[in-house]
Amino acid sequence: MSIFHCAAILFDLDGVLVDSTGSVDRQWRAWARQKGVDEEMVIAIAHGVRTIEVIKRVAPHLDAEAEVEELESREADDHEGVSVMPGSAELLQSIPEGRWCVVTSGTRHLAASRLRFAGLPVPKILVTADDVANGKPHPEPYLRGAKLLGMNPEECLVIEDAPAGIESAHAGGMKVVGMASTFQPAQLTAADAVVRKLAEIRVVVDPIAVGNLFELKV
């Protein structure tokens with residue numbers, strides 16, 4: 001068992017709180033075929049990274065902002081196979097109020113749509129692709145989340161399913177629990193611990209802990 005002491009937990013969304021891998025793959029592949037881009041090349045880099053950065057990389061000749069609006073609008077409407085990750089609601093309810101947020105590479109519209117569809121609360125602090133100049137694996141998204149929570153980065157723990165997100169969190173000075181949903185455990189070895197499901201994570205609140213820290217047991 002691994003035990004982490006933290007003051008807040010920052011969650012990635014897709015592949016962590018919401019299972020949307022099928023929708024993501026389906027819409028990216030449809031987009032790639034429509035635009036004449038290699039599907040496999042797109043899928044290899046699409047998870048955990050902002051849509052605009054993927055498009056700029058694989059199709060620099062296109063109007064990236066217009067493509068993002070079209071693609072993520074289609075993703076927001078595509079609920080086939082999208083579901084809440086088992087244990088998401090229970091884990092969120094176990095965290096002290098004001099001590100968690102969501103940091104996602106999707107747009108605010110897409111993130112809010114998926115959270116509502118999954119029956120999960122839309123947190124007061126939701127850092128999206130719209131809120132940063134640099135997406136994951138740059139540390140900006142998670143550093144912004146920590147700042148908005150009013151926490152020091154080293155007091156925060158991140159739960160991520162993608163290598164780009166793990167790199168982002170570590171670059172910001174945070175510990176990371178990798179979740180083997182989108183990627184295999186062998187691809188998440190950079191994380192400080194790896195789980196296959198959220199039920200493996202337990203939050204233990206100590207009311208007299210120094211600095212209002214609590215324990216997360218994996």
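Begin with the residues that line the largest cavity, which divide into five nonpolar, 10 polar and six charged (Ala, Val, Leu, Ile, Met, Phe, Trp, Tyr, Cys and Pro count as nonpolar, Asp, Glu, Lys and Arg as charged, and the others, Gly among them, as polar). The model is predicted, with local features needing pLDDT of at least 70 and side-chain atom pairs pLDDT 80 or more, while totals for chains, interfaces and linings use all residues. Residues are numbered from 1 along each chain as its sequence is written, and side-chain values use heavy atoms, without hydrogens or water.

The space itself comes next: the largest cavity holds about 250 Å³, and the count of cavities of 30 Å³ or more is one. Here a cavity is a set of points on a 1 Å grid over the protein atoms alone where a 1.4 Å probe fits but cannot get out, and lining residues have an atom within 4 Å of a point; points are joined across faces, edges and corners, and the volume is the space filled by probe spheres set on them.

Now select Asp-14, Val-24, Ala-46, His-47 and Gly-48, the closest to the cavity centre of the 21 lining residues. Then colour α1 (21-35), α4 (64-77) and α6 (108-117), the elements that each give two or more residues to this lining, with α1 supplying the largest share, three residues. Helices are DSSP runs (H or I, at least four residues), numbered from the N terminus.

The model has zero disulfides, a disulfide being a pair of cysteine sulfur atoms within 2.5 Å.

Methods:
1 Å grid on protein atoms, 1.4 Å probe; cavity = no way out; pocket = protein on both sides within 12 Å on 5 of 7 lines; lining within 4 Å.
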